[in-house]
Amino acid sequence: MRVSVVIPCRNGADLIASTLDSLFNQTLLPSETILVDNGSTDESVAIAETYGKRVSILSEPRPGASVTRNTGAAVATGDAIMFLDADDLLGPTALESLVAALADNTGKVACCPWYRFEPHGNCWFSAPPSCAPRWPWQDDLAAWLTGWYHPPCSVLWSREAYERTDGWSEDVKVNTDGDIMMRGFILGNRLVRTRAGAAYYRRLPAGQVSLSATRNTEKGLASRLLVLKRVGEMLETRSRLNRYRTPLGMAFDALAADSSAYPELQQKCLAEAKRCCGPPSLRQMRRVPADVASKLRWRAIRAHDSLEPEIAPIMPARAEAPAADTVFSTEHTGPKPKVTVIIPTFDRAHILPRAIDSVLEQSFGDFELLVIDDASHDETKDVVAQYSDPRLQYIKLEKNGGVAAARNSGIRRARGDYIAFLDSDDEWLSEKLALQVGLLDRLPKSTGLVYSAIEILGRESGVEILVPETHGYPHRAHLSGTFIGAGGSNIMIRKDVTRMIGFFDESLPAIEDFDFCLRVGRFFRIEFIDQPLVRYHDTVQESDCQAGDQRRSRNFMRNFQARHELFRRNRHEMHDLGVEHLFRLETAKRHLNWPEGNHAIARRMLLQGILRQPGEPSLYPWLGKSLLPARLRPYAGAFVRQFRNAFTPGPQLSKKS
């Protein structure tokens, strides 16, 4: 099946590159991509031209998204068409899943799960879709009328289904996708929904206005009324109005409520509702069953949320990374390096040379090294001053912002195509850069991150080697809470991934590297090298940190607060992918295995996991362990490990001593 993707674009220079990247990262590539420029005055066209023959560029001087989409559809040659807005994104398997759905449903319209994509600080996060639920008794048209919908980025039209609608209505300015979808349903189109793949509808940062943001302006409300009037007229002409009086009346009433600031428009809306769907009292009587169902749904949601464990509030978000106070090095006068290496450090002057030396001794030498001093109080600057290598730069931040802010400061200054991170208390083996650069050079740009095995020193068992076994698209494994071995010091990324997902999250008190890898894996492939290239020093010394503090990754409350925040943010996708119970299990294990853990919270999480997935056998032995008296719990460890190894799905890490 040939797939054409039509992208209407007007002044989309800030986001069009990430949209095109997500499209060309697909496991099934489109047959043609048509970008229709609608009078852009920025660099949108120039950015699209950098993709070469993969993108055909047309110009449409007449204003309007519908006009632009019709122009693209008129020249599209595919058997199926997607209309992808210039600021939206596709998960890597979206097209593949949609094409598979249409293959067995010729002449229909396929849709995949979709989510909001919203900015928070320096990062972009997934959020639940902002539409009403679809009730089991509703067909496609009734659901759409009552607020359930799919944005264009999650919809793939068969050629037959699209031509049945006669295209986008060019006189409709707002709710254009609702207009074409509802007209199509009346004319015989049907949706085929797939659970695989995902599309991300971007909510623009503050100050930027999208078409959907104008829906409650006077012109937007008038356009929405025009769409509903046409739907009512089409249903009336085909003698199908009786079947849809209730959902159509609900749509008119909702629009009338939104129009309260414009009395004349509101009266037009109420008059049309009365003509099509009867007087207000009759409309209200018809919608009672739907209102009751809605109240029951929200009551169930509140009851469910009340069972969630009480957790200390997450630490407040930090401000943007502060500007550099001092730069100690030669200026950026040489050619652009292949790799930027970033070492964040804070009060570790005594062990920082070990990390710096391990970088400067790499067999691959085309790099710049940025040492980001996070407002240290010790002799860090003097230590770095002893190095004369021109590849090294010292950058001191005015205020301490944490490791995420320090890394972000380095990313902003990075000149390399690839970026590698090294914590100041770890070290690299000499082939680390050479092997990871070689791997990324061989792989397509759809691979955004590579990582390696880790050699761990300082544990009671001696030297351990964690060997990764997961590659490809590990987003589901990440959402289950499974550790795949990617951390701060053993990853290398393409710099371009940050324009799609943003930077490290400075608001998280811990595991910010896990969160970053999770967001990379949402849109990119992840690959690994199965030999250790990093030495992780798992030791806690008084001189390594402030008195009373432990290494951040070993601070239980910080770790737990961060895991709770990740759960809150990503719960909607965990639920859709069927891994919510596994994330609860991983969190419960930490409560049961760490001395600082709360066993009551662990039991509650395990019970919640069992309620969601009662057939998951790995939950029960851990629940049993949580119920044992404290003195007997150590003896249950071997039994729990047997069940874990036998039944826990997902990627694991091999351990070699």
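Two strands are taken to pair if DSSP finds at least two bridges between them, and strands (E, at least two residues) and helices (H or I, at least four) are DSSP runs numbered from the N terminus. The model is predicted, so local features need pLDDT of at least 70 and side-chain atom pairs count only at pLDDT 80 or more, whereas totals for chains, interfaces and linings use all residues. Residues are numbered from 1 along each chain as its sequence is written, and side-chain values use heavy atoms, with hydrogens and water left out.

On these terms, 7 strands form an open sheet with mixed pairing, in the order β3-β2-β1-β4-β9-β6-β10. The edges are taken by β3 (55-59) and β10 (191-193); each has a single partner strand, so one side of each is left without a neighbour in the sheet. On average, neighbouring strands of this sheet are turned by 25° against each other, direction ignored. Within the sheet, β4 (residues 80-83) and β9 (residues 155-158) run antiparallel and are joined by 2 bridges. Here I81 stands opposite W157 in β9.

An open sheet of 4 strands, also of mixed pairing, has the order β5-β11-β7-β8. Its edge strands, β5 (89-90) and β8 (123-127), each pair on one side only. Strand β7 (residues 114-120) runs antiparallel to β8, and 5 bridges join the two. E118 stands opposite F125 in β8.

Two packed helices are described by the angle between their axes and the distance between the axes. Axes are lines fitted to C-alpha atoms, for helices over the stretch in contact, and angles between N-to-C directions run from 0 to 180 degrees. Helix α8 (residues 218-237) packs against helix α9 (residues 245-258) at an angle of about 165°, with the axes 11 Å apart. That makes α8 roughly antiparallel to α9 (angles under 35 degrees count as roughly parallel, over 145 as roughly antiparallel, 65 to 115 as roughly perpendicular and the rest as oblique). The crossing of α8 past α9 is left-handed, a term used if the near helix is turned anticlockwise from the far one by less than a right angle. For α8 and α10 the angle is about 10° and the axes are 11 Å apart, which makes α8 roughly parallel to α10. The crossing of α8 past α10 is left-handed.

Helix α10 has 15 residues (residues 263-277) and should span 21 Å at 1.5 Å a residue, which agrees with the 20 Å between its end C-alpha atoms; the expected span is 1.5 Å times one less than the number of residues. Its buried residues (under 20% relative accessible area; exposed is over 50%, partly exposed in between, with a 1.4 Å probe and protein chains only) are L265, Q266, C269, E272, A273, C276 and C277. They cover an arc of only 125° around the axis, which puts them on the same side of α10; the arc is that of the directions from the helix axis to the C-beta atoms. The exposed residues P263, E264 and K274 lie on the face of α10 turned away from its buried side. Just after α10, G278 takes a positive phi of about 95°.

Two loop residues were also examined. V174, in the loop between α6 (159-164) and α7 (176-186), is buried, with a relative accessible area of 7%. V174 and A65 are 109 residues apart in sequence, and their C-alpha atoms are 9.5 Å apart in space. Y473 is in the loop between β19 (462-467) and α17 (475-479) and is partly exposed, with a relative accessible area of 26%. Y473 and F523 are 50 residues apart in sequence and 8.2 Å apart in space, C-alpha to C-alpha.
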